[in-house]
Structure formats: C-alpha cells, structure tokens
Amino acid sequence: MRERGDWEGWLAFFLESVAIVSAEATETAREIVNLREVLRSRIRERLGRRAGSALTLLESLFQRPIVNVHAVQEATDLSQPAANALTNALEAEGILVEITGKKSYRVFRFDPYLQLFQEREERT
C-alpha cells in the first residue's frame, strides 16, 4: 500500500490495527480488575487474621508475579516464618503456585494473573 502511494489505505489499516490493539488492552485491563476483586473477596473470606498481609501481598503480585519468601517478607514486613506461612496459605488457595519443586528457596508464581495472559495468547 505505502509503496504504491496509497497513503489513505495505509493510514486506514494502521488506525484499524491501533483500534483492535486498544480494544484488546481494554479487555485485558477489565479482566485484571475483575481478578483483583475476586481474589480480594476470597482472601477476606478465607484467610482470617492473615487477610491484611495477604491483601498487601496481592497488590504487589500484580507488579511482581514471581516471588520467593524473601520477596513476600519485603512486600509485607513479615518475619520469615510468617511470610512462609502466608505463602503456604496462598498456595492452598491456588493464588500462588510453587514452581521449583524444592523444600527451601522456593519460588512461587501468581498463577491466576499469569493465566489471564496465557489464555489471551491462546485465543489469538
């Protein structure tokens, strides 16, 4: 198009592409906000006294979806044993998934969040 001087056609193609990408980004943002609210409710309902720390961690997981216990400590100001207990509680809820297979120096991924992107990629 551009090589033949069809600037209007090229511009229409470009703008249509921008509109499609923008619509997809908007839908992804909606899915993320919905996920955040669903998980916040689940944490409040099921984690009892750990809910405050879990909610603090949840917010940081949207920016850093792969964590270890030390990162959980940094995000929540918890002791190592308390951060370890929190990761276990979130793992039991399916919010975190341990990905190393180790007993110590474990690494977790924020699975529901990362699955949003995997599912979106599989649809395209």
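Q: Which residues of helix α3 are buried?
A: In this predicted model, the buried residues of α3, which spans residues 69–76, are V69, A71, V72 and T76. Because they cover an arc of only 155° around the axis, they lie on the same side of α3.

Q: At what angle do α2 and α3 pack, and how far apart are their axes?
A: An angle of 65 to 115 degrees counts as roughly perpendicular. Here α2 and α3 pack at about 110°, with their axes 9 Å apart, and the two helices are therefore roughly perpendicular to each other. On the α2 side the contact involves S53, T56, L57 and S60, which meet V72, A75 and T76 of α3; by class, this contact has three nonpolar, four polar and no charged residues.

Q: At what angle do α3 and α4 pack?
A: The angle is about 105°, with the axes of α3 and α4 9 Å apart, which makes α3 roughly perpendicular to α4. V69, V72, Q73 and T76 of α3 meet Q80, A83, N84, L86 and T87 of α4, and the residues of this contact divide into four nonpolar, five polar and no charged.

Q: What is found at the start of α3, and what just after α3?
A: At the start of α3, a side-chain oxygen of N68 comes to within 3.2 Å of the backbone nitrogen of H70, whereas just after the helix D77 adopts a positive phi of about 60°.

Key:
Residues numbered from 1 in each chain as written. Predicted model: local features only at pLDDT ≥ 70, side-chain atom pairs only at ≥ 80, totals over all residues. Heavy atoms only, no water. Buried < 20%, exposed > 50% of the residue type's maximum accessible area, 1.4 Å probe, protein only. Helix = DSSP H or I, 4+ residues; strand = E, 2+ residues; numbered from the N terminus. Arc of directions from axis to C-beta. Polar contact = N/O pair within 3.5 Å; in protein donor to acceptor, adjacent residues only side chain to side chain. Axes fitted to C-alpha atoms, helices over the stretch in contact; angles between N-to-C directions. Parallel < 35°, antiparallel > 145°, perpendicular 65-115°, else oblique. Contact = heavy atoms within 4.5 Å. Nonpolar A, V, L, I, M, F, W, Y, C, P; charged D, E, K, R; others polar.
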